[in-house]
Amino acid sequence: MTLVKPGDWQPRGVAELEDRALQALRETERSVCVTAGAGAGKTEFLAQKAAYLLQTGLCPAPKRILAISFKRDAAATLAERVKRRCAPEQARRFTSVTFDAFSKGLIDQFHKALPDAYRPPANYRIGFPTSDAVNDFLRRHNRHGVNATQFQNALIRRRLLDGDQEVNGETEALRDAYWRDQYEYYEEPVLTFPMINRLAEYLIRTNHRVCRAIRLSYPVVFLDEFQDTQASQFEVLQRAFNGAGTVLTAVGDDKQKIMGWAGAMPNAFQAFRDQYSARPISLLLNWRSHAELVAVQHIIASNINPDVEPVVARGQRNVEGDVSAIWEFADEETEIAVISEWIEGQVASGTPAHDIAILVRARADRVENELGPALADRGLILRNLARNVGEISIEDVLSEELTQILMPILHLATSKRHPEAWSTALENFSRLYAVSPDDDDQLQRLNDRMQSIVRGLRAFLAEHAVAATNPNQISDLLIEEIDEALIRRSTPAYQRDADYLRVKQGFDLLLAEAMNESDDWRAVLDRFEGRNQIPLLTVHKSKGMEFHTMIFFGFDSRTWWSLTPDKDEEKNSFFVAFTRARQRAFFTSCLRRGGRITWLEDLLGNAVPRIEGVMIL
Ligand SMILES: Nc1ncnc2c1ncn2[C@@H]1O[C@H](COP(=O)(O)OP(=O)(O)OP(=O)(O)O)[C@@H](O)[C@H]1O
């Protein structure tokens with residue numbers, strides 16, 4: 001593979017990068033801290049920086065880049081962009097994972113090095129304990145003066161078996177009791193992500209082999225959405241990379257910090273700059289939204305941080321009429337009826353349904369039940385991305401590695417030509433079978449093998465009507481042909497049966513839903529992937545995403561329950577929601593449901609007018 005000289009390297013797949021992004025990209029000697037507003041291209045910047053390092057040999061084989069994101073789909077999007085920009089053998093040296101997956105991977109791989117008292121039993125499952133469950137534990141252990149949040153905060157601050165940390169015997173004993181409880185009290189042993197975090201910290205701190213292996217593999221580390229980093233996660237990063245000569249690039253936006261409730265650090269960027277003597281760089285363009293939306297974004301941004309620099313919009317407006325407004329309805333019935341009719345009109349005039357998103361603050365299921373049927377009456381499908389199929393959300397099934405491997409083959413078997421699916425499938429196969437792109441004979445054999453799998457599946461689908469097929473038959477057939485052992489070996493997260501089977505079950509259940517609603521195989525795949533369906537998601541889930549039109553449902557004091565002027569995070573949530581829109585951002589309010597959020601409306605002034613909802617039709 002020929003390498004490009006750093007001076008000759010040019011960005012791939014985009015016409016230009018702003019000067020500051022290029023400076024941050026070419027900074028490879030020193031850690032960098034890139035802060036930028038919404039739509040500034042932070043994800044794109046990371047993909048370009050990965051391409052630069054891999055294509056110039058500045059990150060030489062077999063060294064790898066480790067990219068840590070907070071959400072599964074953000075990690076998958078970044079990996080996908082790097083694959084599009086780089087040759088397969090270069091993209092393979094880009095590891096894009098969530099923080100939780102990185103920590104879990106470590107403890108699964110090195111579980112023998114964990115101390116007996118804390119080592120998770122092999123059959124553990126990941127648990128997300130509710131406050132009620134933690135309170136129940138505290139009651140059972142006669143700890144009445146402590147609440148669930150205080151206890152969990154104490155748990156995550158304590159390092160395991162660290163003689164240097166001041167020890168309070170009582171807290172230690174309670175922590176150990178909690179640990180035992182998680183492993184023994186329930187039908188199956190439970191491991192939570194805070195527990196995984198503590199185990200990962202222990203491993204890196206105490207085991208020099210583990211620490212060395214991480215440092216040697218990853219001289220370059222990217223940290224996406226750094227504003228949401230928790231102190232315990234920062235501690236793991238510090239253990240792994242501080243003083244190791246690793247060059248880190250952290251990107252994010254303080255105005256989009258909406259994980260404070262979950263323990264995000266109050267001053268993550270400052271801590272990063274201090275610890276890694278990182279060079280601060282801020283980006284100034286917004287590639288997503290057009291000037292009118294960016295002007296409103298600036299009003300909100302300046303209110304969050306009066307020192308924020310103005311941003312230049314690079315998106316073009318291509319819609320008529322209002323681009324942002326608060327739609328006011330007298331009652332819920334009118335709200336639902338008008339919104340569904342309006343969306344129907346938009347879809348009829350050419351905006352794809354999957355590019356019109358409904359965002360909510362919480363309880364997407366409630367809106368799904370109210371708006372879903374009204375849209376269905378108009379032939380439109382509302383898809384709640386947070387809904388679980390089995391034990392995994394729809395959003396997560398779609399970004400799972402297993403789905404990424406199976407879907408291109410399904411597309412090839414149901415279309416005459418699909419060059420994109422072909423190249424993705426071939427790339428997946430060469431990774432699974434470890435075939436070098438320079439080995440023409442092996443590649444030809446792989447090509448033949450793939451053709452034969454696609455032909456086999458095509459014949460199967462031709463002989464089986466959708467209604468008469470069990471979804472497991474399809475996934476089982478493909479997984480057997482490709483080789484289950486290979487799939488699982490190539491994806492560290494699938495090493496344990498429980499983790500793999502949870503994903504496989506989610507895939508089958510989502511496929512079953514799609515098959516129930518469609519009668520030909522192409523339509524099944526569209527349905528599975530959410531094509532032409534209106535996504536419904538919470539503001540939290542929407543981070544990093546973008547849509548032609550964003551409709552925030554329930555902009556009133558009751559639905560937006562904790563919205564008060566002094567809660568900065570609520571303002572940030574509003575900023576995140578607003579900035580998902582490329583063309584238009586609307587908010588619905590219903591006077592019967594809740595009052596106006598006057599402080600926020602006052603802040604927006606005339607920039608986001610309140611209009612009568614019935615007038616939009
Ligand atoms: N250099 C560029 N040229 C053209 N388009 C770009 C460029 N960089 C990013 N984009 C496009 O702009 C949009 C926003 O980019 P991206 O998602 O990377 O932004 P972001 O900074 O991560 O946003 P946010 O923080 O709001 O999630 C995407 O559609 C992306 O493809």
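Predicted model: local features only at pLDDT ≥ 70, side-chain atom pairs only at ≥ 80, totals over all residues.

1. The six-stranded sheet. This sheet is open, and its strands follow the order β3-β2-β6-β7-β1-β8. Pairing within the sheet is parallel. Strands β3 (94-98) and β8 (279-282) have a single partner strand each and stand at the edges, so one side of each lacks a neighbour in the sheet. From one strand to the next, the twist averages 15°.

2. The pairing of β1 with β8. Strand β1 (residues 32-35) runs parallel to β8, and four bridges join the two. Within this pairing, Cys33 is placed opposite Pro280 of β8.

3. Helix α12 (residues 268-276) lies across β1, β7 (247-252) and β8. Relative to β1, α12 runs at about 160°.

4. The pair α1 and α2. Helix α1 (residues 19-26) and helix α2 (42-56) have axes that come within 9 Å and cross at roughly 45°. On the α1 side the contact is made by Ala21, Ala24 and Leu25, and on the α2 side by Phe45, Gln48, Lys49 and Tyr52. Sorted by class, these are five nonpolar residues, one polar and one charged.

5. The ligand shell. The ligand is surrounded by 18 residues, of which the closest are Ala38, Gly41, Lys42, Thr43 and Trp287. Which elements supply at least two residues of the shell each? They are α2 and β9 (285-290). Helix α2 gives the most, with three residues. The shell is made up of six nonpolar, six polar and six charged residues.

6. The seven-stranded sheet. Another open sheet has its strands in the order β13-β16-β12-β17-β18-β11-β19, again with parallel pairing. Its edge strands, β13 (381-384) and β19 (610-612), pair on one side only. Neighbouring strands are turned by 30° against each other on average, with direction ignored.

7. The pairing of β17 with β18, and helix α14. Strands β17 (residues 547-553) and β18 (residues 581-590) pair in the parallel sense over six bridges. Phe547 has Ala581 of β18 opposite. Helix α14 (residues 332-348) packs on this sheet and touches β11 (324-329), β12 (356-360), β16 (533-538), β17 and β18. The directions of α14 and β18 make an angle of about 160°.

8. The pair α13 and α25. Helix α13 (residues 291-304) and helix α25 (residues 568-578) cross at roughly 160°, their axes coming within 10 Å. Angles over 145 degrees count as roughly antiparallel, so α13 and α25 are assigned to that class. The crossing is left-handed. From α13, Val296, Gln297, Ile300, Ala301, Asn303 and Ile304 take part in the contact. They meet Asp568, Lys571, Asn572, Phe574, Phe575 and Phe578 of α25. By class, the contact holds seven nonpolar, three polar and two charged residues.

Notes: Residues numbered from 1 in each chain as written. Pairing = 2+ DSSP bridges. Axes fitted to C-alpha atoms, helices over the stretch in contact; angles between N-to-C directions. Contact = placed C-beta atoms within 7 Å. Parallel < 35°, antiparallel > 145°, perpendicular 65-115°, else oblique. Left-handed = near helix turned anticlockwise from the far one by under 90°. Nonpolar A, V, L, I, M, F, W, Y, C, P; charged D, E, K, R; others polar. Near = placed C-beta within 6 Å.
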